[in-house]
Amino acid sequence: MRANVWSGRNTVQVENVPDPKILNDRDAIVKISSTAICGSDLHLYDGYIPTMRKGDILGHEFMGEIVETGRGVSNLSVGDRVVVPFPIACGNCWACRHELYSVCENSNPNAGIAEKFFGHPTAGIFGYSHITGGYAGGQAEYARVPYADVGPIKIEDDLTDEQVLFLSDIFPTGFMGAELCEITGGEVIAVFGAGPVGQFAIASAIMLGAERVIAIDQYDYRLQMALNRAGATDAINFAEDPDVVEQLKELTGGRGPDAVIDAVGMEAAHGHGALHAVERVKQATRSESDRGHALRDAILACRPAGIVSVMGVYGGLMDKFPTGAFMNKGLTHKSGQCHVQRYTKRLYEHIRNGDIDPSFVVTHRLGLDNAPDGFETFKHKQDECVKVVLKP
Amino acid sequence: MPFPPRPVDATLHGVVDYSAGAFLLTAFPKLAGIEGTRSARQVRISAAVHAGYSTLTKYPLGIVKAIPFQAHLALDAVGAIALAATPFVTGQWTKGPRQWLPHVGLALFELSSLAITDPTGRGDYHGDVEAVRSANTEDPHRKIYNGAPAVTPATATND
């Protein structure tokens, strides 16, 4: 089969690789109809997530048709159309029984590596380095889905792929980011990053009843999408004025947002000249893994006793974490890889009800063979790129 | 693979720019035994100029991204040749190898570094945006600017 594989920093290639096979009774094989490039794939592409190996198949957002099931999969049949959540979860461990699927205790065969990095192992993830299990990803014609009786959600109506594909990751991730803000109606929420997860965090905050949602980015076209499509009420372009904290105060009568969502993560572009240069050097020389401009500003901007919700991916260590502001303002910090399986049915219902059309975020629909150019276009924000969907 | 191989991308080149600049401005003159001499001043001026235009270069480590990366590389080459030529123009080379060897050594290091730097800057955009545009079956501009709001407010609740 054809698959998009990691070939080194800043290099992916579409190659012929062996077809996946059923390895366990609870596996299924999916023939992929749509897959997407995630913002967090760029951290792999840029070489900032360790334990990648040449030839690893990328991709953790995918959907398709079941073509084979193991003997232990009774809830899915050949021919079923499914969306596959990016965390691989066994469904039986303590974490899964508490709907904490992204920290499943059984799905990561490289738990020892993850434990060294994070103190505890986390769940396996499709196509996301060997820290998360070394599973083959979904930017391919076929994928093996472990624990297929737990993760995939069946799509039983005529919604298009692009209306449901993002149930695999970015819609639930954005929704969880907003849900962690404890929105009950009338809040002001700031969202750092108007990339795909940021767009869904904005849309989700609006769905949950936030009164104002402020989008923050350096690309005007992304802010326009946030305002026109995702429901943002205000926008801050930090390329025009880098003092985001002050602008957020101005927009909120000096108080600051009730909650702030970091939908940026470890490769924040936001930063003030010299500090940004220092962090780039430290990251390039691997003396710091995470550039923290967005998270620092999120902490400084959030109102006292507010919530900082972190959905952007961080990989290791960040310098100059503002512990003073964090502690003295009494902030609550919530984060995590999304427990996708917790949200899929609920958000699927919202899509079916017409409360949201997630396909609004798709700006590029390409063939799988265009994946290398798709990565470059997405990484460098060329051609007004927000989200790339690949069709194998 | 081009020959000679050019594995140094714009980011790594920037790391070398800043770290070499800092080294030449601080420890190098003493280690080379030229501290307090005209040679040390020349090396420090060269390092400061180099670091200065690095901050103005349009590459990942540039602060004010004004100078194209290829122009930066051209300045590197001109600067290396000028540094190597300086002791011979001023005549200081007659005072012993410490008055010209550091200049020539540093120039050779710079030119070697240039020889293995990818002039396209790899790490900057190296995709084919025209191929993407022609293959794309979606219209980004329409999706961003012309579509209706995709979300209905207050339709979900916190569980």
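Domain bounds here come from an automatic or database domain assignment. With that settled, I looked up the separation in chain A: the C-alpha centres of domain 1 and domain 2 of chain A lie 25 Å apart.

**Ground rules.** I am reading a predicted model: local features need pLDDT of at least 70, side-chain atom pairs count only at pLDDT 80 or more, and totals for chains, interfaces and linings use all residues. Residues are numbered from 1 along each chain as its sequence is written, while chains are lettered from A and ligands numbered from 1 in the order in which they are written.

**Chain A, domains.** I noted the bounds. Domain 1 covers 2–169 + 338–391, and domain 2 covers 170–335. I then checked who touches whom, where contact requires C-beta atoms, placed from the backbone, within 7 Å. On that test 27 residues of domain 1 of chain A meet 24 residues of domain 2 of chain A. Helix α12 (residues 340–353) of chain A gives the most to the domain 1 side, with 4 residues. I take helices (H or I, at least four residues) and strands (E, at least two) as DSSP runs, numbered from the N terminus. I sorted the domain 1 side by class and got 15 nonpolar, 5 polar and 7 charged residues. In this scheme Ala, Val, Leu, Ile, Met, Phe, Trp, Tyr, Cys and Pro are nonpolar, Asp, Glu, Lys and Arg are charged, and the others, Gly among them, are polar.

**Chain A, overall.** I found 13 helices and 17 strands. The C-alpha atoms fill a box of roughly 60 × 50 × 45 Å along the principal axes. For 392 residues, a compact globule would have a radius of gyration near 21 Å; chain A has 20 Å, which agrees. That radius is taken over C-alpha atoms, and the globule rule is 2.2 Å times the number of residues to the power 0.38.

**Chain A, the parallel sheet.** I traced an open sheet of 6 strands in the order β12-β11-β10-β13-β14-β15 of chain A, with parallel pairing. Strands pair if DSSP finds at least two bridges between them. The twist averages 20° from one strand to the next. Strand β14 (residues 307–310) of chain A is joined to β15(A) by 4 bridges. There V310(A) has S335(A) as its bridge partner. Helix α10 (residues 293–301) of chain A lies across β10 (188–192), β13 (259–262) and β14 of chain A, at about 175° to β13(A). Axes are lines fitted to C-alpha atoms, for helices over the stretch in contact, and angles run from 0 to 180 degrees between N-to-C directions.

I saw strand β1 (residues 2–6) of chain A run antiparallel to strand β2 (residues 12–16) of chain A, with 5 bridges. N4(A) stands opposite V14(A). The hairpin has 5 residues between its strands, and G8(A) in the turn has a positive phi of about 125°.

**Chain B.** I counted 7 helices and 0 strands. The C-alpha trace spans about 80 × 40 × 25 Å along its principal axes. A compact globule of 159 residues would have a radius of gyration near 15 Å, but chain B has 24 Å. Next I checked a helix pair. Helix α3 (residues 38–55) and helix α4 (residues 69–90) of chain B pack at about 175°, with axes 11 Å apart. That makes α3(B) roughly antiparallel to α4(B), a label for angles over 145 degrees. Q42(B), S46(B), V49(B), H50(B) and Y53(B) in α3(B) meet H72(B), L75(B), G79(B), L83(B) and T86(B) in α4(B). By class this contact has 4 nonpolar, 6 polar and no charged residues.

**Between the chains.** I found 36 residues from chain B and 46 residues from chain A in the contact. On the chain B side, α1 (10–25), α6 (129–135) and α7 (140–146) each supply at least two residues. That side has 20 nonpolar, 11 polar and 5 charged residues.

How values were computed: Contact = placed C-beta atoms within 7 Å. Parallel < 35°, antiparallel > 145°, perpendicular 65-115°, else oblique.
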